[in-house]
Amino acid sequence: MPQVRILTKWLDDPEQPKIARAMEHGYYAAARRAVLEMQPDEIIDLVKASGLRGRGGAGAPTGMKWGFMPKEPTQQRPSYLICNADESEPGTYNNRELMEKDPHQLIEGMIISAYALRVRTMFIYIRGEMVLAAKILADALSEAYAKGFLGENIFGSKFSTDLILHRGAGAYICGEETALMDSLEGLRGHPRSKPPFPAVQGLYGMPTTINNVETLCNLPHLVNQGVEWFRSMGTEKSTGTKIVSVSGHVKKPANYEITMGTPVEELVYDIAGGIRDDNELKAAIPGGASMPMLPKEVLLKTNYDFESLQANGSMLGSGGFIAFDDTTDIVQVCEVIARFYKNESCGKCVPCRIGTDFLHKVILRILDGKGRPEDIDLMKGICVNLGGERMMDSRSFCPLGDAAAWPIMWGGLKYFQNEFEYWIRHKQSPLGRGPGLPAAI
Amino acid sequence: MLSEKAKEAIRVQMKRYPVSRSALGHALYIAQEECGGWVPGEAVKDIAEVMGMDPADVQSMMSFYVMYNKAPTGKYLIEVCHNISCALLGAKLLFDVLERKCHLHPGETSEDGLFTLKGVECSAACGGAPAVQINGLFYENCTPQQLEALIEQCRAEGAPKENLYNAAYTPERTPKDGA
């Protein structure tokens, strides 16, 4: 079965956030074994061999990132581990569910990671709006401290590590790892230039690793069940499982954990129950609002994994799958997405600060019935200035600029330019809707 | 402006971090809670004094983040997600309800001081779209009828029983100091 329950196994148990229940389910055994019986480098090698890739968006190999960290941090130059829990990519809601319903899985994963990376102080940077998750995590942390799983000499070993919960305050850009570090330092969340990479010069100028919630939640399972088991799921280059947050016009929107490489067709029609009212699927964004949408015919020949989605012109991103049925006006979808990036641009670099606003204004103008034929080329020009001639050819300071350009340039305009042209020519959508935003798009 | 208790809470926060400036985010939450939902200029000055910073520096940090309110807010903070998944499933209808029943547009506070409405970006509840948060509590798959009932309920109560946004639980109880 492509649908599996590994990270999501105990999410339906209302008592799971309590440490007693979590331990009944075998939690903290992997952390105990790692700290007492394994060498830090053994764990790093395990992660490298597993092929685990970051689940937060970029998909970088976790083991490789870890490999850049110093082997012998000193008191003057300590290493830090940050869990990026600033989940704010539109369409993505698996981290929130993992934290609210199974906080100890994340804490255990972080303890194992801290031991592997020789980290004395860890942080969870949780999105400010996720107050309930922060409360649940704070309680779970207290329990883990009380049991001696965090703090001095954990599990009776010589290893000590602390975990600090830090709340953000509402800024999408702080999900970008360098902006997150600035925010955690008490500054405006502006991205930093790379290099130097965080593993060399990160939080407070010290070596730092930043991993996503879901990535870290994989660690206990990997330690418990080993590389062979982990690699038995997924594909050669996308190993393990992925929790896909399915939303939009499907019958059963929810977080589904699937093995990497599951056909998108199966995800939409079998797992998520198909399209609402038995309408036709028109298009879908496979990996959160930053990623280009793909039309039905492309989706149906794509598998849900890093390589397959990239080969078909989009990306897995954060795993937010947003489905549109055939009553959806793509120009209106693009307006919502463009507005989001305009609102969330941090203002540090010019292409993004000006470009995101300009792009949104042009789309609004079209929807207001005032579009001009040259607006199509205008939008493409703005997108090139934001994200380059090709995908991954960034011209903005940080990936937010690409993220603003991709869904318009390589999604909306690439596959549905005719809808933009129709709006411009007829001052209404091909679905017969007039200017202005309807209740549902 | 800020009470000694709040100042002490800020000092506790400063000790939790390797570099005390990291506590600035918490400090602003502490001030916001004490000042009834927003951070007035006087509180900014107090934070700067406690943390040994320039008030302009504190102000610059605060102005970047949307969750620090720069003006008084209503007793009930209503946040309606207007991002893609919620927009697809009728978030606009929820804004229409608030306009009709409370004469509120995003960013406004009602004249009676009861409600503040914010249109917010993806609140990570896309599986339950459209989603509304009232004082931090989620109402998923929210229909216009349900929202109307919620508004009536708030009016009848007069003051919220619970405000999840109050930061009290995050600071002192986070474990580093041994909870």
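**Exercise 1. Two helices side by side**

Decide whether α14(A) passes α15(A) in a left-handed or a right-handed crossing.

*Solution.* 
- Step 1: α14(A) makes a left-handed crossing with α15(A). Left-handed here is when the near helix is turned anticlockwise from the far one by less than a right angle, and right-handed is when it is turned clockwise.
- Step 2: A quick word on what you're looking at. This is a predicted model, where local features need pLDDT of at least 70 and side-chain atom pairs count only at pLDDT 80 or more, while totals for chains, interfaces and linings use all residues. Residues are numbered from 1 along each chain as its sequence is written, and chains are lettered from A and ligands numbered from 1 in the order in which they are written.
- Step 3: Find the helices: α14 covers residues 350-367 of chain A and α15 covers 375-387. Helices (H or I, at least four residues) and strands (E, at least two) are DSSP runs, numbered from the N terminus.
- Step 4: The two pack at an angle of about 160°, with axes 9 Å apart. Such axes are lines fitted to C-alpha atoms, for helices over the stretch in contact, and angles run from 0 to 180 degrees between N-to-C directions.
- Step 5: α14(A) and α15(A) are therefore roughly antiparallel. The cut-offs are under 35 degrees for roughly parallel, over 145 for roughly antiparallel, 65 to 115 for roughly perpendicular, and oblique for the rest.
- Step 6: Among the residues making the contact are A:Phe358 and A:Leu359 of α14(A), and A:Met379 and A:Ile382 of α15(A). This contact counts ten nonpolar residues, two polar and one charged.

Two terms to keep handy: residues are in contact if their C-beta atoms, placed from the backbone, lie within 7 Å. Ala, Val, Leu, Ile, Met, Phe, Trp, Tyr, Cys and Pro count as nonpolar, Asp, Glu, Lys and Arg as charged, and the others, Gly among them, as polar.

**Exercise 2. Another helix pair**

At what angle do α13 and α16 of chain A pack?

*Solution.* 
- Step 1: Pick out residues 330-344 for α13(A) and 399-426 for α16(A); their angle is about 155°, and their axes are 9 Å apart. That makes α13(A) roughly antiparallel to α16(A).
- Step 2: Now the hand: α13(A) passes α16(A) in a left-handed crossing.
- Step 3: In α13(A), residues including A:Ile337 and A:Tyr341 meet residues of α16(A) that include A:Phe416 and A:Trp423. The contact splits into 14 nonpolar, one polar and two charged residues.

**Exercise 3. A sheet in chain B**

In what order do the four strands of the open sheet in chain B lie?

*Solution.* 
- Step 1: The order is β2-β1-β3-β4 (chain B), with mixed pairing. Strands pair if DSSP finds at least two bridges between them.
- Step 2: β2 (115-120) and β4 (137-139) of chain B are the edges, each pairing on one side only. Ignoring direction, neighbouring strands are turned by 25° against each other on average.
- Step 3: β1 (76-81) of chain B pairs with β2(B) in the parallel sense over six bridges. B:Glu79 has B:Lys118 in β2(B) as its bridge partner.
- Step 4: Lying across β1, β2 and β3 (132-134) of chain B is helix α6 (91-102), at about 150° to β1(B).

**Exercise 4. Where the chains meet**

How many residues of each chain are in contact with the other chain?

*Solution.* 
- Step 1: It's 44 residues of chain B with 56 of chain A.
- Step 2: On the chain B side, α2 (24-34), α4 (55-64), α5 (84-88) and α6 each give two or more residues. The largest share, four residues, comes from α5(B).
- Step 3: That side divides into 26 nonpolar, twelve polar and six charged residues.
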